[in-house]
Amino acid sequence: MAFFIASSPHAHSRRSTPDLMKWVALCAAPGLLAQTYFFGWGTLIQLCFALTLAVTFEAVIMLLRKRPPIMALRDYSAIVTGWLISIAIPPHSPWWLLVIGVFFAIVIAKHLYGGIGQNPFNPAMVAYVVLLISFPVQMTSWNAPISLTAESTSFIDSALMIFTGFNNEGLSLQQARLGIDGTTMATPLDAFKTSLLAGNTPSEALNQPQFSWLAGLGWEWVNVAYLLGGLILIKQRVIQWHIPVAFLSSLVLFSLVFSIFTPGETASPIIHLLSGATMLGAFFIATDPVSASTTVKGRLIFGALIGGLVFIIRSWGGFPDGVAFAVLLANMCVPLIDYYTKPRTYGH
């Protein structure tokens, strides 16, 4: 028998990498539908555009590396990367933002390190952080939920706003983001954090229109949808439970402890769990088989580290969410985590 050598990710099953990537994209569909329902057609348009860009950049870079493009396109890793970037950016972001992000993820963060299996960092999160640091205004211009917007946005309006900057009525993105009361809507995490810094209590912060009875309006159902998709991934053995459980447990533990001992200074566990990119990060980003820890103990430490970093960045950092930064910081620690958690050799 021939001894076949291949780069990671390695799965302890007969499933191939393309099969695993298909399941990831399929299970992310409920979250995509929820985002489209609550925040408009922009997310779906960005997805189609991102997938086109990802496939194009993947094929071109493979040709430049003098390798057949079909080899890279068959594993669907570029599709998943484009998918994650498209749902991580605001729905009506300008088209050039997505071009820069997908280019940086595929060409810089992935292929300059050698392609799939060689990248030490999650390509989609590298691209997201680069965009957030370079273009903070565009990356924080999230739409208000449709129920709070003064002007409804159709499919055509969303496409025009992405590719021209104005909708069919001549309204810019900033004008379309206005709520019913005429004020610009911030994301729930940003609004909550800003309200606390202004000296308000958590209950006063939750009285803002961005919040519903549980957490952020719309965002709570988006997170529930990604949670559902993540549980399917675990049931299908596409991912293992260690990283998501450690991530969410750490985030809940930190937020619960600080809510008890320093009330009024941080958000409650339920807000942390059901706002921002919590469930997306726990099940679809942190579980990347290439850049995550590979040992059982290491996955638990890796996930707990991300959960703690997310809480710290959200509470005292300069960014309202922090999932992308937490994942990249944890990626840096993976070699050290794996070294100290590797299992003993059988019989040693």
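## A glycine after helix H2

Just after helix H2, Gly-40 takes a positive phi of about 100 degrees; helices here are DSSP runs of H or I with at least four residues, strands are E runs of at least two, and both are numbered from the N terminus. The model is a predicted one, in which local features need pLDDT of at least 70 and side-chain atom pairs count only at pLDDT 80 or more, while totals for chains, interfaces and linings use all residues. Residues are numbered from 1 along each chain as its sequence is written, and side-chain values use heavy atoms, with hydrogens and water left out.

Helix H2 itself covers residues 29-39, and its buried residues are Gly-31, Leu-32, Ala-34, Gln-35, Thr-36, Phe-38 and Phe-39, where buried means under 20% relative accessible area, exposed over 50%, and partly exposed in between (1.4 Å probe, protein chains only). What covers these buried residues of H2 includes H3, helix H5 (77-88) and helix H13 (219-235).

## Overall make-up

The protein has 18 helices and 0 strands, and 52% of its 348 residues count as buried. Among contacts (heavy atoms within 4.5 Å) between residues at least 6 apart in sequence, 75% join residues at least 24 apart. The accessible surface comes to about 16,800 Å², of which 68% belongs to carbon and sulfur atoms; such areas come from the Shrake-Rupley method with a 1.4 Å probe, and for residues only the protein chains shown count as cover.

## Two salt bridges

Side chains of opposite charge can pair when their charged atoms come close. A search of the whole structure finds 2 salt bridges, a salt bridge being a side-chain nitrogen of Lys or Arg within 4 Å of a carboxyl oxygen of Asp or Glu. In one of them the side chains of Glu-58 and Lys-110 meet at 3.0 Å, N to O. This pair links distant parts of the chain, with Glu-58 in helix H3 (residues 42-64) and Lys-110 in the loop between helix H6 (95-108) and helix H7 (123-134), 52 residues apart. Glu-58 is buried, with a relative accessible area of 1%, and Lys-110 is buried as well, at 4%.

Asp-321 forms a salt bridge with Arg-314, and the closest N and O atoms of that pair are 2.9 Å apart. Asp-321 counts as buried at 18% relative accessibility, and Arg-314 counts as buried at 4%.

## Leu-97 in helix H6

Leu-97 is placed in helix H6 and counts as buried, with 0% relative accessibility. Leaving aside its neighbours within four places in sequence, Leu-97 is in contact with Leu-131, Phe-135, Gln-138 and Met-139. Leu-97 and Ile-162 are 65 residues apart in sequence, and their C-alpha atoms are 9.8 Å apart in space.

His-242 lies in helix H14 and is buried, with a relative accessible area of 10%. Once its neighbours within four places in sequence are left aside, His-242 is in contact with Val-296, Arg-299 and Leu-300.

Phe-261 also has its place in helix H14, which covers residues 242-261, but Phe-261 is exposed, with a relative accessible area of 68%. Together with Leu-253, Leu-256, Val-257 and Ile-260, Phe-261 makes a nonpolar surface patch of about 520 Å². Patches are made of residues with over 30% relative accessible area and no salt bridge, with like charges joined within 9 Å and nonpolar side chains (Val, Leu, Ile, Met, Phe, Trp, Tyr) within 5 Å.

Most residues other than glycine have a negative phi, and most peptide bonds are trans. Lys-66, although not a glycine, has a positive phi of about 60 degrees; Lys-66 is placed in the loop between H3 and helix H4 (69-73) and counts as exposed at 78% relative accessibility. Tyr-76 has a phi near 65 degrees, again a positive value in a residue other than glycine. Tyr-76 is found in the loop between H4 and H5 and counts as partly exposed, at 32% relative accessibility.
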